[in-house]
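This report is for a reader new to the structure. Please look over the sequence and the model before reading on.

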Amino acid sequence: MPLDRTAPENTKSDDSDSNNGLLSEFGSGVAHKLIAPFKGTSQLINGKTDSAQELAEQAKHGQSKAYIAGEFVGSATVFIAATALIKRAPGVGSFAPVAAGGLIGAVEPLKQGEGDKDRIGHAVSGAAAIAVFEYGPKMLVKSGLLASEKGISAALTSGVIGGVITEQANSIIQTGQAASLERTAMAAAGFGLTNAAFHGVGMAFGKGFSTLGERSRRADNAALTTTIVKDRQAIASAEMVSGKTSERGWHLVCGSGGSKAGLTSTGVILACRAAEIKLDTIGGVSGGAIPAVMAAAELPSHKMIELAKMTDFSGLLGKKKLLTPFIRERKKIDLLQDGIYGSSKLGELTDLHVKEWPAKFWTMAVGRESEVMFTKNGVVEYTRGNSQHLISSKPAQVGDAVRATCAIPALLESVTYLGRRLFDGALGRFGKCPTQMVTTHFGVHADNVIASLPVGAMSYVNKGLYLFAKYLSGNFEKDRSGLAETAGIVIRPEVNSFHSLKFLLNSNQKDEAILSGYRAGIEQFAKADLIGGQKLEAARAAGLSIEALEHYFRPVAPNLYNRNPELLRLTVRPDINLPLPVPALTAQNGF
């Protein structure tokens with residue numbers, strides 16, 4: 001006998017229609033409560049109430065359980081949104097949920113015959129109901145009925161109690177009679193389950209975000225530790241290269257001073273090479289960063305002299321047309337960001353001579369109340385609260401880092417690196433020669449640091465510009481005056497023929513600055529017993545004139561009789577493999 005499929009198909013159709021009807025009723029209930037605040041606000045402004053037709057339309061849904069459930073979900077959604085908005089208001093704090101309940105009640109749409117007195121009643125009822133939600137769990141915990149006010153059970157219980165009280169209050173206010181048992185039960189279940197669900201979702205999201213944040217912090221801290229450890233391990237490895245425990249590794253810091261710093265630091269670096277001082281790190285800020293990166297890249301000595309003499313510092317600064325974009329495009333003039341001069345040519349010069357980040361080189365720039373340290377192994381930010389944040393585990397572009405450390409606010413354009421606007425490295429809390437940054441980041445002893453900071457002609461205008469630049473960069477505080485305490489050797493070359501911000505220099509001014517740095521370096525190294533005897537006499541003689549200095553570092557062909565292979569390596573080409581040294585047969589110094 002064939003099966004009759006007609007009945008099941010009809011039944012299935014009936015079930016589908018029934019389900020669609022329930023969903024429609026539920027959606028109508030949600031929509032009714034979602035638009036209620038807007039409708040009530042409009043009534044409050046226009047002095048109107050619900051019409052008889054609107055009341056009749058609502059009465060059609062009044063006995064539908066799906067519609068009532070939708071109303072409860074809609075009410076909970078409106079409440080959460082209102083609470084989030086009110087929390088942004090100053091002075092509200094923990095009372096935001098109660099205030100939200102009162103506000104929602106105050107804009108509840110009024111029915112025919114209701115007035116301002118009823119609106120006040122709705123507001124009080126709404127605030128009271130939310131107070132039960134907020135403080136009910138605490139009362140339950142104090143009474144011993146609940147173990148914790150933060151669990152799902154507390155949210156469910158307080159929701160049930162709040163639902164009962166809210167439904168009864170609304171019914172008495174609107175009809176003068178208590179709500180039926182069925183409607184009260186629906187309210188209790190709706191509010192209870194909704195409150196528990198939202199609380200549970202909040203706990204899940206909170207747990208997830210907390211776990212994610214903790215993982216992120218652990219990953220950042222691990223990467224940060226790795227970067228700093230790599231920087232320090234590089235120093236330890238450099239100290240063991242020669243296998244001589246008596247060979248001391250030094251750390252040269254070339255301070256700021258514009259063109260004056262660039263030239264005098266070149267002389268100091270040449271003095272280090274003449275004294276054959278082993279430098280584990282070479283870094284600098286502002287103008288001192290330019291010769292520092294060249295030295296760290298092992299640019300030969302004669303090339304460093306040639307570069308310092310031939311470079312037109314004024315040509316590295318590109319005058320920017322700020323008024324033209326303002327007039328034509330109405331572009332806002334931002335001197336702090338744009339500066340009067342551009343520094344792209346400075347970056348190009350650096351990248352031309354240094355193709356990749358030298359292992360020994362570091363430099364520093366400042367952000368808003370922080371210092372940013374650039375090294376071969378990454379970029380680390382040091383905040384004013386002494387916390388450390390890893391910005392990048394990879395080195396920055398060399399030219400960009402040098403541009404950033406030279407960016408004098410309002411004069412040279414700032415450099416934006418990974419969302420941070422960076423300025424001149426001399427403007428930070430460690431001052432114009434940040435030796436303390438070296439001891440902090442690399443973990444070296446202050447006695448192993450060599451500091452170079454030029455002195456001499458500096459007008460009151462220059463001093464004022466420096467203080468103004470610190471203010472503009474957000475780092476207006478007194479410098480730490482501990483240069484002598486955080487450096488084993490302090491070199492202060494004196495140049496009086498020009499000030500730091502003079503960039504158009506003649507050959508005599510350049511020669512004076514280079515020789516001043518070289519002579520001051522040699523004398524400080526002699527005091528520290530790092531150079532002596534005939535080597536000291538020859539080095540002093542080289543500082544008598546720029547011609548003598550050039551002759552002293554003139555490249556010579558490698559030969560078996562040269563007794564200074566390390567110095568020769570830095571004067572010829574870094575890629576030449578020299579033979580093992582043998583005792584000198586002549587008095588020739590081989591420089």
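This is a predicted model: local features need pLDDT of at least 70, side-chain atom pairs count only at pLDDT 80 or more; totals for chains, interfaces and linings use all residues.

## Nonpolar cores

The largest nonpolar core has 71 residues. Those that touch the most other members are Leu 252, Phe 374, Ile 450, Tyr 518, Phe 525 and Leu 549. Helix H17, residues 507–527, gives the most to this core, with 8 residues. Another core, of 18 residues, lies apart from the largest one; among its members are Met 373, Ala 426, Cys 433 and Ala 487.

With neighbours within four places in sequence left aside, Phe 374 is in contact with residues including Trp 357, Phe 361, Trp 362 and Thr 363. Its contacts also include Ala 365, Val 379, Ala 396, Ala 401, Tyr 417 and Leu 422.

## Helix H13

Helix H13 spans residues 344–353, and Leu 346, Gly 347, Leu 349 and Thr 350 are buried in it. Seen down the axis of H13, the buried residues fall within an arc of 160°, so they line one face of the helix. The face turned away from this buried side carries Glu 348 and Leu 352, which are exposed.

The cover over the buried residues of H13 includes helix H9 (289–296), helix H10 (301–310) and helix H14 (398–405).

In soluble globular proteins, nonpolar side chains tend to be buried together.

Phe 38 lies in helix H1, residues 6–46. Phe 38 counts as exposed because its relative accessibility is 66%, and exposed means over 50%.

Methods: Residues are numbered from 1 along each chain as its sequence is written. Side-chain values use heavy atoms; hydrogens and water are left out. Helices (H or I, at least four residues) and strands (E, at least two) are DSSP runs, numbered from the N terminus. Buried means under 20% relative accessible area, exposed over 50%, partly exposed in between (1.4 Å probe, protein chains only). A nonpolar core is a set of buried Ala, Val, Leu, Ile, Met, Phe, Trp, Tyr and Cys residues joined through side-chain atoms within 4.5 Å. Contact means heavy atoms within 4.5 Å. The arc is that of the directions from the helix axis to the C-beta atoms.
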